[in-house]
Amino acid sequence: MKEVKKNSLHAWLLAMRPKTLTGALVPVILGTALASSDGQLDVTAACLCAVFACVMQIAANFINDLFDFLKGSDRADRLGPKRACAEGWISPAAMKRGILLTVVLGVCTGVALLIYTAPTLPLGGWELIVIGIACVAGAFLYTLRLAYMGWGDLLVLLFFGLVPVGATYYVQAHSLTANSLILGLAAGLAVDTLLVVNNYRDREQDAISGKRTLIVRFGEPFGRYLYLLMGLLAGLLPLWFVVEGKLHFNEYLWTMGIYLALHMLTWKELVNIRQGKELNAVLGETSRNMLIFALLLAIVLY
């Protein structure tokens, strides 16, 4: 990589980690597709949800970067993506300002969504305030504490699955249904494959730095099969919509068949590589797979 000028636009783009925004968009895509299938599509609300999700994901990336640097864990982690603060691309003081700015932008987007949707929501918008506070708190608590205690996978299921799919559907359809909960769980499982492969790659460094992920606790074979299981469950859960009559079985077969085939191929790569920076390619393929999962399922639900 060519030299990155400190605090430059290029440096900030690297710190944002654009590839991770897939995880923010997947639940919004699916929640919107479900709302559309129920005749409740609201494009403005959907766009505001997408902006909020992406901005908060960027904020979480900045927070993670800064506090990893302050904790010194960047010195232990030589295999994963480079940290902007550790590499000297962005100063810690500038990163703190970046965190403040993105959190403020996220709050402003949330307020805009609240103003737009509150008159039609059952509780007058107070429910969105609670969800917004939880999202902001989760972005900080994940890095500061919970990731080091092995709670990362549960947080992904909540904040990249159940919460954003449910909220995206709710602000458009003004209700929550069993369908939105099932779809949220499927989205969370698909997105969690990205965290699992990240933790699988970093398992040795995480053990050194005291980060007790599930894979550190239970070992490499567990991580290998956890990745496989998460993707399989994500691909199987949409069978619910066949039972509910929202999907034809042949639609389920070709959409989830493509996703599951890609997931299996990526899993085989993970098993063959096992460790080292080569696993970064598996991260990229996993991000691609979960986006394909969301787009294909959204097409047939829409």
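User: Why is Ser-91 called buried?

Analyst: In this predicted model, Ser-91 has a relative accessible area of 15%. Buried means under 20%, exposed over 50%, and partly exposed in between, with a 1.4 Å probe and protein chains only; Ser-91 is therefore classed as buried. Residues are numbered from 1 along each chain as its sequence is written. Local features need pLDDT of at least 70, side-chain atom pairs count only at pLDDT 80 or more, and totals for chains, interfaces and linings use all residues, while side-chain values use heavy atoms, without hydrogens and water.

User: Where does Ser-91 lie, and which residues does Ser-91 touch?

Analyst: Ser-91 lies in the loop between α3 (43-71) and α4 (92-117); helices are DSSP runs of H or I with at least four residues, strands are runs of E with at least two, and both are numbered from the N terminus. Leaving aside residues up to four places away in sequence, Ser-91 touches Lys-6, Asn-7 and Cys-85, a contact being heavy atoms within 4.5 Å.

User: What makes the phi of Arg-17 worth a remark?

Analyst: Most residues other than glycine have a negative phi. Arg-17 is not a glycine, yet its phi is positive, near 55 degrees. Arg-17 is found in the loop between α1 (9-16) and α2 (21-37). With a relative accessible area of 18%, Arg-17 falls under the cut-off and is therefore buried.

User: Is His-174 buried or partly exposed?

Analyst: The relative accessible area of His-174 is 28%, so His-174 is partly exposed. His-174 also has a positive phi, of about 65 degrees, although it is not a glycine. This residue, His-174, is in the loop between α6 (152-173) and α7 (178-201).

User: How do you know that the radius of gyration of the chain agrees with that of a compact globule?

Analyst: The radius is taken over C-alpha atoms, and the globule rule is 2.2 Å times the number of residues to the power 0.38. For 302 residues a compact globule would have a radius near 19 Å; the chain has 19 Å, so the two agree. The C-alpha atoms fill a box of roughly 50 × 45 × 35 Å along the principal axes.

User: What is the secondary structure of the chain, and what share of its residues count as buried?

Analyst: The chain has 13 helices and 0 strands. Of its 302 residues, 53% count as buried. Among contacts with a separation of 6 or more, 77% come from residues 24 or more positions apart.
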